[in-house]
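Here's a quick briefing to read alongside the model. Have the viewer open as you go.

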Amino acid sequence: MQRKQRLSRNTAYFVPYTLWILLFVLAPVILLIYQSFFNIDGQFTLANYQTYFTSKTYLLMTVNSVWYAFLITLATVLISYPTAYLLNETKHAQLWLLLIIMPTWINLLLKAYAFIGIFSQNGIANQFLSFIGIGPKQLLFTNFSFIFVAAYIQIPFMVLPIYNALSELKPSYINASRDLGATNWQTFSRVIFPLTLPGVKAGIQAVFIPSLSLFMLTRLIGGNKVITLGTAIEEHFLTTMNWGLGSTIGVILIIAMVIVMWLTGGDKRHHRKGLTK
Amino acid sequence: MKHLTFKWRHLYLWLIFIVLYAPIIFLVVYSFSAGTTMTNFHGFTWAHYQALFADSRLIAIFLDTLLIALLSAILATTIGTLGALGINNTTRPVTRSTLLALNNILMVSPDVIIGASFLIFFTALKIPLGFGSVLLSHVAFSIPIVVLMVLPKIQEMGTSLLDAAADLGANNWQLLSQVIVPYIMPGIFSGFFMALTYSLDDFAVTFFVTGNGFTTLSVEIYSRARQGINLEINALSGLMLLLALVLVIGYYFINQYGRRHRRLPRRRRG
């Protein structure tokens, strides 16, 4: 009786959820892959893949996109690791962490818009450069500003997983390493860093993939100089209406995502969205 | 020596905080500037806020954005909670891990992919782009987070409580409404708030599925920001900062409430 009751309960629970998985998880991905085999006139073709793999522009764009995502991720790790490390040592770490996470609650577009003002010709950044004697520079619409703003936006998503890894680290390991005569640097490079590597990997996952698809920043801050995979997809879907080619680039982006996930350890808890908002 | 290193550490943290908050403060400060650009402060004024409240189109967009957020959060929380209950009831580990993997697909996918594939999906099904398509998308990408917030609460509950209730003659509906839902309520609330903030925050997915007649705040800010600086956007950011603060505080109190609620039965038992 009870088992039967459980079973009926199960089906009732599952109907809407399974429908969601079928309609909004599986169907869209399959449709995207399916669409990548059609040209702009709706005929079945492999031409999109041929175009992509033989066109210098697209291959170069992919390399560029990956390179910029790499630079953004690198900058984010270099800034976030010390931040997480120092946070872990403060007294009210949880409160400070909350303050680091708070900016992620502000709409992304508003933060990008703020940088339009900060980096503009007469903006505060240029006023500062003039003040220290360097003189105003073109800041907005440069590759530098794109990387800077992207790193700015991603920092909290990197700090959080690294902080979690650091706070889970048992102090006894550090004490043991000190007792055995390791210097501070040795303790860090041989004990602390390897043990917190899963946190860094989770952070890389959370930062690298979105960095490949930040099309709004390439437009607002990068001045369309950096074209990422995301920018190309948006362009093909909403401007040139070449959905087939857009889907092909989408498939490439999915493959890039799978490679990153695989390199950084597959199904690690994903920190980007769940814990940070 | 030790004192010195101590100071350097704090300097670094302070620098990070200043960098993180400077742009936001910058936006809000200029929302009160009498000028028209974000370069020099021209004296205090409420004019941009007045303009904002007089802009009926923007207010309509704001209300639409809130409506989408509330509706999608309610729907996503319902479906996600049922899904979490279903996942918890699976007996075979393979089914369970498959479901969790499928659940995570939308969590890890780049927004552009979600947006593009939903656009193809809605077009294939001939669902018109606009309020409906945006709402469906927001429900869809919020469900996995609800599942991930609710599932740990259900697991914490264990089976003995359910078995006891069933032995005492509770039917399915009573089990759900009298035992399960009250117990997992903190998880449901967290899921609801997450869904709400996802929806309010989303730009990329909405941008793909919104069509011509309908916009949300993010999409509107994007199109205005592309035209250059307009201090009305600064005023808007001031208001959205306020909204974000309210949400953070609300979320904090719900978490506190959840913790207190969890502690009570334990204390009674002890």
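Which residues does B:Asp202 touch, not counting residues up to four places away in sequence? They are B:His138, B:Phe141 and B:Ser218, with a contact meaning heavy atoms within 4.5 Å. Bear in mind that this is a predicted model, where local features need pLDDT of at least 70, side-chain atom pairs count only at pLDDT 80 or more, and totals for chains, interfaces and linings use all residues. Residues are numbered from 1 along each chain as its sequence is written, and side-chain values use heavy atoms, leaving out hydrogens and water.

**B:Asp202**
- This residue sits in the loop between H8 and helix H9 (204-209) of chain B; helices are DSSP runs of H or I with at least four residues, numbered from the N terminus.
- B:Asp202 counts as buried because its relative accessibility is 8%, and buried means under 20% relative accessible area (1.4 Å probe, protein chains only).

**Second largest cavity**
- About 140 Å³ of space lies in this one, the volume being what probe spheres set on the points fill, with grid points joined across faces, edges and corners.
- A cavity here is a set of points, on a 1 Å grid over the protein atoms alone, where a 1.4 Å probe fits but cannot get out; lining residues have an atom within 4 Å of a point.
- Of its 12 lining residues, the closest to the centre are A:Trp105, A:Asn107, B:Leu200, B:Asp201 and B:Ala244.
- H11(B) gives the most to the lining, with four residues.

**Chain A**
- The secondary structure comes to 12 helices and zero strands.
- Of the 277 residues in chain A, 55% count as buried.

Terms used:
Chains lettered and ligands numbered in written order. 1 Å grid on protein atoms, 1.4 Å probe; cavity = no way out; pocket = protein on both sides within 12 Å on 5 of 7 lines; lining within 4 Å. Helix = DSSP H or I, 4+ residues; strand = E, 2+ residues; numbered from the N terminus. Buried < 20%, exposed > 50% of the residue type's maximum accessible area, 1.4 Å probe, protein only.
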